[in-house]
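This report describes how the chains of a predicted model meet and what surrounds the ligands. Please read it alongside the sequence and the structure.

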Amino acid sequence: MSEYEKLSICKDAQLTLRKAREDGVETVWDRFKKQEPQCGYCELGVSCRICVMGPCRIDPFGEGPQYGVCGADADIIVARNLARMIAAGAASHSDHGRDLVEVLHKIGEGAAPGYTIRDADKLKRVAAEYGIDTAGLGNEGIAKLLAEAMMEDYGMKKEQITLINRAPKQRIELWKKLKVIPRGIDRETSETMHRTHMGVDNEYVSILLHAVRNSLSDGYGGSMIGTELSDIIFGTPKPGFSEVNLGVLKEDYVNILVHGHSPVVSEMIGVAVDDKEMIELSKSRGAKGINLAGLCCTGNEIMMRKKIPMAGNHLMTELTMVTGVVESMIVDYQCIMPSLGQVAQCYHTKMYTTSDKAKFPFMEHVEFTPVNAREQAFRIVKESVENFSRRNKDKVYVPTAPVRNMTGFSVEAIVGALGGSLTPLIDAIKAGKIKGAVGVVGCNNPKIKQDSGHVELIKRLIANDILVLTTGCVNVAAGKAGLQVPEAKEMAGPGLKEVCGLLNIPPSLHLGSCVDNSRIIVIACALANAIGVDIDKLPLAGAAPEWYSEKAATIAFYAMASGIFTVLGVMPPIMGSKKVAELATSGLNDVFGACFAVEPDPVKAAQLITNHIMEKRKGLGLDV
Amino acid sequence: MDAVIIGLSAAGLSCLDALLKFSPQVKVTAISEEKYSPYCRCMLTHYLGRIVREEQMIIKDISACPPNVNLLFGEKVETIDLLKKSLTLSSGKKISYDKLLIATGANAVKPDYYDEKKRTFTLRYMDDARKVEQHIKDSAVVLGGGFVGIKAAYGLLERNVKVEMIVSSPYPLSLVLDEKTARFVEKDMRDAGIVIRTQDDIAEINMKKESVAVSLKSGIEVYSDVVVVGKGVKPRVDVARKSGIKIDLGIMVNEFLETSAEGVYAAGDCCETMDVARKVPWINAIWPVAVEQGYFAALNILGANTPYAGSIGMNSLKTHSFHLISGGVLKEEEGVVLYEKHFPHLKQFRKLAVRDNVPVGMAFYNCPEDAGLYINLIKKGMPLNADPVKIVNGELSIADMLRPF
Amino acid sequence: MKVVVVKPERCVGCLQCRFACSVAHSISGSPYAAPYEAVLSKPRIHIGLTKDKDAFPNKCRHCDPAPCEMACLPKAIFREPSSGMVLINPDRCINCGMCAMACPFGVVRYHVYSSNKTAAHKCDQCIARQKEGRVPACVEVCKVGALLFDDYNKVMDRATDEISSLVYLGIRSKEQEKGPYQSLTAYKHRLEELRRKQA
Ligand SMILES: Cc1cc2nc3c(=O)[nH]c(=O)nc-3n(C[C@H](O)[C@H](O)[C@H](O)COP(=O)(O)OP(=O)(O)OC[C@H]3O[C@@H](n4cnc5c(N)ncnc54)[C@H](O)[C@@H]3O)c2cc1C
Ligand code: SF4
Ligand code: SF4
């Protein structure tokens, strides 16, 4: 096995990694190696730097201190750290959602040139959920009212956030009983920061219950708003085909990459690259045209809606530039490695930051607002095209040919594919053709051979007739492995294969970006409501085999709190507290009907999940 | 060169090992009066307490010795002929040497009432321990509050034997410790269940039926299965004395551990070297000193001319409830300043005796982490570069002491 | 032979070495599982604090001659011939505490081993890892270069080795005229010479 085969299962990654080495580019894997072995206290979550009486550490081996300076023990420190992780994750998704609320508001005010309402039906549906009387109002009018109602979700005017009502009654009752219904999206994050300040909440269960509330404020709040508004503004995705891997970059085209999470910038870049004048300009520079491709969740957003291809997921972002054919990369926020600007220095790639929240070394800042977005997009695309002539022919290397990937499975699209309701899906589950469904979500993490966790898990699940729903970086992994085309049904078990064949869909469905995990929640809620049971009774599970980010921790928490058993492939920093670890891996079951498991081996994880789904089927009186 | 070693215990064995380490081919003969493979006599108390089995006391695998090593067990050296450079053994055999190490150790002091028929024994050799072992059931009287007595008492406790200890001085360990430190030990011993009768002594011992009746000078009578006497040791210097080697209390040696006879060295409990703390020749009859002297004797036998810097009395007493490390001299004396600090909540006590900025004695109770450094400073007569008050307060770490180098 | 060299002036007090040491000597060898073992694996490297609040990594110097080895009654402490490391055999140890008394560096502790026996406990220079061609865990984890793993000959007269021998052999300062040894180097030379002569 070559050195590079140990790092990633992807051919394109292995080949470009070798070139990166030759070109003297340091990658995330090199840096990871230098960090190893990593801090044991932090791995266990028993280091605390919340206050400056500290920093403190608890000695898990009993010889050194057992209390921080303030008196916090391992349980308190682990719980506080975990809660802060979840707050950061919730803040990230929710702030992303807020940007869409702002765009919607500006559309309502007629102050967002270039943005419109693409899905007016959905606008009305969601407005109805918010109790907005839409009679006699145009799209703009509704947009303004809905945006304002959502702003209230962010604030403290309401007793509970609106979309929490999508959950089944039983779940809502349970949350009420536990006092974990989120009241305001920003409020819960603020309160987490307050509670975890030295000398506030010092009871680990209480801290963690609030962390649950904070995560729900994301799952049913910030993230859900992000998804719904993106659909309303940019169109609700419909199934269709696109392509993945580094091969989507085209040697004779101007290649522009969009990276980050928000569709607000990338959608507009998409408009600019389709512009005739721009295409003419590129031809005048010797290119055949302009090729736009995505990375990470920005890529997922535009792939879902516009079938724009994706060059890669998290760990591929640095390697894209190693191909030497990327004229520019435009980033918004989240998961953008600060090293990217440095890598670009080795090539001709121009780097642009677009959000005043997210600036990076070695990148040019071109600030996007709903008002100036169109103009800025054209400026960047023009500069990118002009950059084509600076390309160094000797450094060009596109390692592989792209792979087809089916995408666009919004909830609406799935229901559409099923003929207008979830009933056929429920019937298939009842009949045992589909044993259950699993959301395989999350990131890449150099601690795990890139994409190996995702791909192996999905293969095993679909072989067991379990339908897989992917979001985020998992989409690219599954796509590259050929698991997200209708022909992949051959890899599925007989029941799932039959259903996929009938509907002409892949056994692993791409649902979108990481805020779009809210789509999985919406499906879970709808299934539960349709059957008339709580979510924890359904044959569902979640998995984050290669997660790395705080956002993933938050997602895992709201999935668990919704009643979905979740398997993590990377150990969260909680093992330093025996009590928190016990709670997470079993105690939560008694409270939420779901808990976590940690299993880095995808084969074993698949087994765990399959067993869980069979248990749940038994519980519902279904055949296993 | 033929090297010969008399006595194969701490000092003799250490010398043998060092000779072989630095000169694997050297021809060595070692003669031991005892019939056993070299064993550690300090563990006799552990043996009595059944903490270790007999075979666990063996400290040398004699089968692994190279052919150039000749070991004679159960043979006593009767005389040394310094002129002919030869030895006569009890079997009549003669052995000549180029270099000789006398490591004959010491014998236990036997008081007048010592009588094995009255089940009164000392504890020095394996044979002694076996005799005690034969008679002991569930009670014992231990005579003497020195280290050996205390170790014996704790050992016997381990096998659930009721122990009464008779101490002639007002408190145990009076020869090495000051009263305050000793009282800590005394309290721990009483808490552990050892009955201690201080300022008392044995008047008479008689057998009454199956028991030994010990009449004390105070009039009390105590019954037990055996009496173990720990009243100190006497160096074994008879053979050396007969041959004409200079003897004081023990065999006298120069800084190269050579006796008055050329090519004849001495080490261990039989030999008197400079006591660094007392600044007079002294016998510090303890295991580590014997090992060290054996090592340095070997270097000098091999011609490396390595002077021995002297020793101090020191010991470690570790039980389930405390760990005491003491060394040097702790008595009040002219020119000596004593520093001490007790931390009751930590059950820690540190005491340090300093003369002219040089530490000469210490007792560290339940702080083994920093004890070794001061033991070594005392042993080498090295000046302190820190305030002794801070040292006993535990404010200075080993880092502060080692740094200036 | 390679040894761990301590550079106290570079230590930032992160305690990583202590953690890594515990994990390296645990049964599972995993940072996540080690704190859950029935007998917790205790660290063999200690971070002391100077009076100026500087951290001072302190561990066994594997002295030669080793005072602890000389003081150990049952010869539980021995020098492993192939590596030259001073090791403790916990099965032989009688927990007498003599080694703490003898060690000038205060690095010996008494802990329960996974066999449930309490015995003396100190650095073994990760002899098990070394056999697998890996450096000691504390060295691997130290990100600031306070712990290095270097050739014995190269560090013979480096600071830590000097301190150890100086204290044990009673050399008060390198330049000292009087006293048993002119200098540490002279003593080491003498031993070297002896070895050569006899070989
Ligand atoms: C019960 C007990 C507990 C102890 N506990 C400790 C302790 O905890 N810590 C500590 O530091 N010390 C302790 N000691 C003291 C320690 O054992 C001695 O200091 C040490 O054994 C001295 O070693 P040595 O080699 O000088 O002499 P010895 O050990 O006395 O050995 C001398 C050997 O020479 C043999 N011999 C003598 N004369 C002749 C001859 N003419 N021919 C042939 N052979 C001969 C003897 O039979 C003996 O085998 C303890 C001693 C005893 C008895
Ligand atoms: S540093 Fe201490 S434990 Fe290590 S060899 Fe030296 S004396 Fe022994
Ligand atoms: S405590 Fe153990 S290792 Fe230390 S000297 Fe005693 S027997 Fe030897």
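## Chain arrangement

Chains A and B do not touch, and their nearest C-alpha atoms are 13 Å apart; contact here means heavy atoms within 4.5 Å. Among the 2 pairs of chains that touch, chains B and C have the most contacts. Over all chains, the structure holds 78 salt bridges, a salt bridge being a side-chain nitrogen of Lys or Arg within 4 Å of a carboxyl oxygen of Asp or Glu.

The model is predicted: local features need pLDDT of at least 70 and side-chain atom pairs count only at pLDDT 80 or more, while totals for chains, interfaces and linings use all residues. Residues are numbered from 1 along each chain as its sequence is written, chains are lettered from A and ligands numbered from 1 in the order in which they are written, and side-chain values use heavy atoms, with hydrogens and water left out.

## Chain A

Chain A has 24 helices and 16 strands. These elements are DSSP runs numbered from the N terminus, with helices (H or I) of at least four residues and strands (E) of at least two. Taken along the principal axes, the C-alpha atoms of chain A fill a box of roughly 65 × 65 × 50 Å.

The radius of gyration of chain A is 24 Å, which agrees with the value near 25 Å that a compact globule of 624 residues would have. The radius is taken over C-alpha atoms, and the globule rule is 2.2 Å times the number of residues to the power 0.38.

## Interface of chains B and C

On the chain B side 53 residues are in contact with 48 residues of chain C. The area buried between the two chains is about 4,400 Å², and carbon and sulfur atoms give 63% of it. Buried area is the accessible area (1.4 Å probe) that two parts lose on being put together, summed over both.

The rule finds 1 salt bridge across the interface of chain B and chain C. In a salt bridge, the side chains of B:Lys21 and C:Asp64 meet at 3.1 Å, N to O. The elements of chain B that give two or more residues to the side touching chain C include α1 (10-22), α7 (287-301) and β23 (323-328). With 8 residues, α8(B) gives the most to that side. By class, the side of chain B that touches chain C has 30 nonpolar, 13 polar and 10 charged residues. Ala, Val, Leu, Ile, Met, Phe, Trp, Tyr, Cys and Pro count as nonpolar, Asp, Glu, Lys and Arg as charged, and the others, Gly among them, as polar.

## Interface of chains A and C

The area buried between chain A and chain C is about 2,000 Å², with 60% from carbon and sulfur atoms. Across this interface the rule finds 1 salt bridge. The side chains of C:Arg18 and A:Asp59 meet in a salt bridge at 3.5 Å, N to O. C:Arg18 lies in helix α1 (residues 16-24) of chain C and A:Asp59 in the loop between β2 (56-57) and α4 (74-108) of chain A, so the pair joins two chains.

Between chain A and chain C, 11 residue pairs are in polar contact (both at pLDDT 80 or more). On the side of chain A that touches chain C, α2 (28-35), α3 (40-44) and α23 (578-592) are the elements that give two or more residues. The largest share, 4 residues, comes from α3(A). That side of chain A has 10 nonpolar, 6 polar and 7 charged residues.

## Ligand surroundings

Ligand 1 lies between chains B and C. Around ligand 1 there are 36 residues, the closest being B:Ser9, B:Glu34, B:Arg41, B:Arg124 and B:Lys151; a residue is near a molecule if one of its heavy atoms lies within 4 Å of it. A polar side-chain atom of B:Glu34 lies 2.5 Å from an oxygen atom of ligand 1. A polar backbone atom of B:Asp269 is 2.8 Å from an oxygen atom of ligand 1.

Ligand 2 has 14 residues around it, and C:Cys60, C:Arg61, C:Cys63, C:Cys68 and C:Cys103 come nearest. The shell around ligand 2 divides into 11 nonpolar, 1 polar and 2 charged residues. Residues around ligand 3 include C:Cys72, C:Cys93, C:Cys96 and C:Cys99. Its shell has 10 nonpolar, 2 polar and no charged residues.

Notes
A polar contact is a pair of N or O atoms within 3.5 Å; within protein, one must be able to donate a hydrogen and the other to accept it, and residues adjacent in sequence count only if both atoms are side-chain atoms.
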